[in-house]
Amino acid sequence: MTTSTASTARRSSSSLRPFLALARSEVTRLLRNRAYLVPALLLPILFFALWGLSNAGGKLSGVNAGAYMLVSYAAYALISTALFGFGVAVAAERASGWWRQLRVAPVTPAMLFGAKISAALVMGLLSVTALLLFAGIVGHIWLSPGVVVGVLVRLLLGMIPFALLGLALGFLVGPDAAGGVANLISLPMLFASGIFIPLEVAPDFIKTIAPYLPAYHYGQLGWAALGAKPAGAEWIHWAWLIGYGAVFLLIALWAAGRNEARR
């Protein structure tokens, strides 16, 4: 029994070490990539400065409009991180041969994807932290610690389906097209989900299609943490995101299998 327990502990330790090394290398790679890092940090702040600060004195869904828009652009920052820091990177690494080199390393596909998702979560947290500090220092919009924790827990967990969408994208298209396709998917989805423009002021056809989009349910989770007027029970939004996550995972697995079969 003691020998078996010690053996299990050794296996866990031997699996954890390469995973942590891989996760650290992924975070370092993203931090050194200025073409990704600068827009990832600055664009949410810029959009919030343009549209959030100018409407900070109003009300949206029963809460302060500045706080509402702050959560909206935090959701935008995390979705962008999932699609561009994760999905586009996968497409580039496949083309460069990096994934073939990893086959000779003691790394399983689960470790590789886990490390990439962990790195995306870290970068997303960094981007949201920069946005929160800007909103507090420049706009004097400070969320209470409890609200910040509630928003972050919901948005970081809810980010996983978008990371799986990014993974599917990385397997389906090449590195030259990945960025364009990611924009083609994310920008209409964000506009039609109430992330860029609140649904209260959106055209009727946008209000009709929004409840069928994953970003709509993602945003609802963040706004609910502020105490905004709920658009349905919270479990419904989680169920939609889990459903979308399952679909994106199946697409990613199919695309990965197709790529393997072509070699």
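Student: Is Arg29 buried, partly exposed or exposed?

Tutor: The labels go by relative accessible area: buried is under 20%, exposed is over 50%, and partly exposed is in between, using a 1.4 Å probe and protein chains only. Arg29 comes out at 27%, so partly exposed. Keep in mind that this is a predicted model, where local features need pLDDT of at least 70, side-chain atom pairs count only at pLDDT 80 or more, and totals for chains, interfaces and linings use all residues. Residues are numbered from 1 along each chain as its sequence is written, and side-chain values use heavy atoms, with hydrogens and water left out.

Student: Which side chain does Arg29 meet in a salt bridge?

Tutor: First the idea: side chains of opposite charge can pair when their charged atoms come close. To count as a salt bridge, a side-chain nitrogen of Lys or Arg has to be within 4 Å of a carboxyl oxygen of Asp or Glu. Here Arg29 pairs with Glu26, at 2.9 Å from N to O. Both sit in helix α1 (residues 2–32), and because they are three residues apart, about one helical turn separates them. Helices here are DSSP runs (H or I, at least four residues), numbered from the N terminus. Glu26 itself is buried, at 4% relative accessible area.

Student: What else does Glu26 pair with?

Tutor: Lys116, with N to O at 3.1 Å. That pair links distant parts of the chain, since Lys116 is in helix α5 (residues 109–137) and Glu26 is in helix α1, 90 residues apart. Lys116 is buried too, at 3% relative accessibility. Put together, Glu26, Arg29 and Lys116 form a network of salt bridges.

Student: How many salt bridges are there in the whole structure?

Tutor: Three. Glu234 is partly exposed at 30%, and Arg154 is partly exposed at 21%.

Student: Now the greasy part. How many residues are in the largest nonpolar core?

Tutor: A nonpolar core is a set of buried Ala, Val, Leu, Ile, Met, Phe, Trp, Tyr and Cys residues joined through side-chain atoms within 4.5 Å. The largest has 67 residues, and Phe48, Tyr73, Ile79, Phe162 and Tyr218 have the most contacts inside it. Helix α3 (residues 65–96) gives the most to this core, with 18 residues.

Key. Helix = DSSP H or I, 4+ residues; strand = E, 2+ residues; numbered from the N terminus.
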